[in-house]
Amino acid sequence: FSGPKRLELLKETAETLEESIDFGWFGMIAKPLLWILKFAQGLTGNWPIAILILTVLVKGTLWPITGKSIKSMRRMQTLKPELDRIKAKLEEEARREGLDRPDPNKLNKETFALYKRHDVNPLGGCLPMFIQMPVYIALYRTIYSSVELFNQPMFGWITDLTQRDPFFVLPLLLGAAMFVQTRLTPQTGGDETQRKIMMWVMPVMFTVMMAWLPSGLTLYILANTLMSSGQTLYLHRSEAKRASAAATPAGS
């Protein structure tokens, strides 16, 4: 076979020739993503818009899971004063027994008992990220391996979606968006210093990492981050309205 590695051409040439495109471990996710991208591009005639459409579809699919995660993190945040009291009590008991710190197993047991009483899943906040990571990796392999996106411009100075942003504008915008998202996300663990460090470390880490990855992938994560921030704001306001309505006496 001689020619561009388009899936349609490869399938027409031989049944198994499409396997010559290496989509990596998440090929079963990458191929549907590529199909959606190509379908959206066929409708719009624009690859960046196709990536944004894909972002909306993926975000919409994960919306219920992400919403539950945010609510779980908010409930964990409201339990923090009670967790601090449990920790202080165990530290006092440890000092009376001549120990430097409380028994970690006992602390974990009482912490999980508290979460269970209030029906809080401590892993709920991490679940959406674990689910989205295979999508990020699959999309990276899709953009990296698909000849359809090669030399396809985004806008202005970005002339190839498979290459990094030459002026690092998108990664910097992503870092700023992630900083806003960390400010909106309920903080559930660690002391104040640790939370401040994480508030800066995560955006900086993602900015540096995405500075060298394809601009198409950076566009996807930037759009996803903005929508996640919007979802967080929406849920915060919805909960605030419900709390205000519940606190208002009937007939007032």
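This is a predicted model: local features need pLDDT of at least 70, side-chain atom pairs count only at pLDDT 80 or more; totals for chains, interfaces and linings use all residues.
**Stop 1: helix α7**

Now colour the buried positions of α7. They are Leu-170, Pro-171, Leu-174, Gly-175, Ala-177, Met-178, Gln-181 and Thr-182.

**Stop 2: Ala-176**

Stay in α7 and pick Ala-176, which sits in this helix. Buried means under 20% relative accessible area and exposed means over 50%. Ala-176 has 45% relative accessibility, so it counts as partly exposed.

Along the chain, Ala-176 and Leu-222 are 46 residues apart. Draw a distance between their C-alpha atoms: the separation is 9.6 Å.

**Stop 3: helices α2 and α3**

Move to α2 (residues 27-44) and α3 (residues 47-78). Their axes come within 8 Å and cross at roughly 125°. That angle is why α2 counts as oblique to α3. The crossing is right-handed.

Show side chains where the two helices meet:

- From α2, select Leu-33, Ile-36, Leu-37, Lys-38, Ala-40, Gln-41 and Thr-44.
- From α3, select Trp-47, Ile-49, Ala-50, Ile-51, Ile-53, Leu-54, Leu-57 and Val-58.

Colour this contact by residue class. Between α2 and α3 there are 12 nonpolar, two polar and one charged residues.

Conventions
Residues are numbered from 1 along each chain as its sequence is written. Side-chain values use heavy atoms; hydrogens and water are left out. Axes are lines fitted to C-alpha atoms, for helices over the stretch in contact, and angles run from 0 to 180 degrees between N-to-C directions. Helices (H or I, at least four residues) and strands (E, at least two) are DSSP runs, numbered from the N terminus. Angles under 35 degrees count as roughly parallel, over 145 as roughly antiparallel, 65 to 115 as roughly perpendicular and the rest as oblique. A crossing is left-handed if the near helix is turned anticlockwise from the far one by less than a right angle, and right-handed if clockwise. Contact means heavy atoms within 4.5 Å. Ala, Val, Leu, Ile, Met, Phe, Trp, Tyr, Cys and Pro count as nonpolar, Asp, Glu, Lys and Arg as charged, and the others, Gly among them, as polar. Buried means under 20% relative accessible area, exposed over 50%, partly exposed in between (1.4 Å probe, protein chains only).
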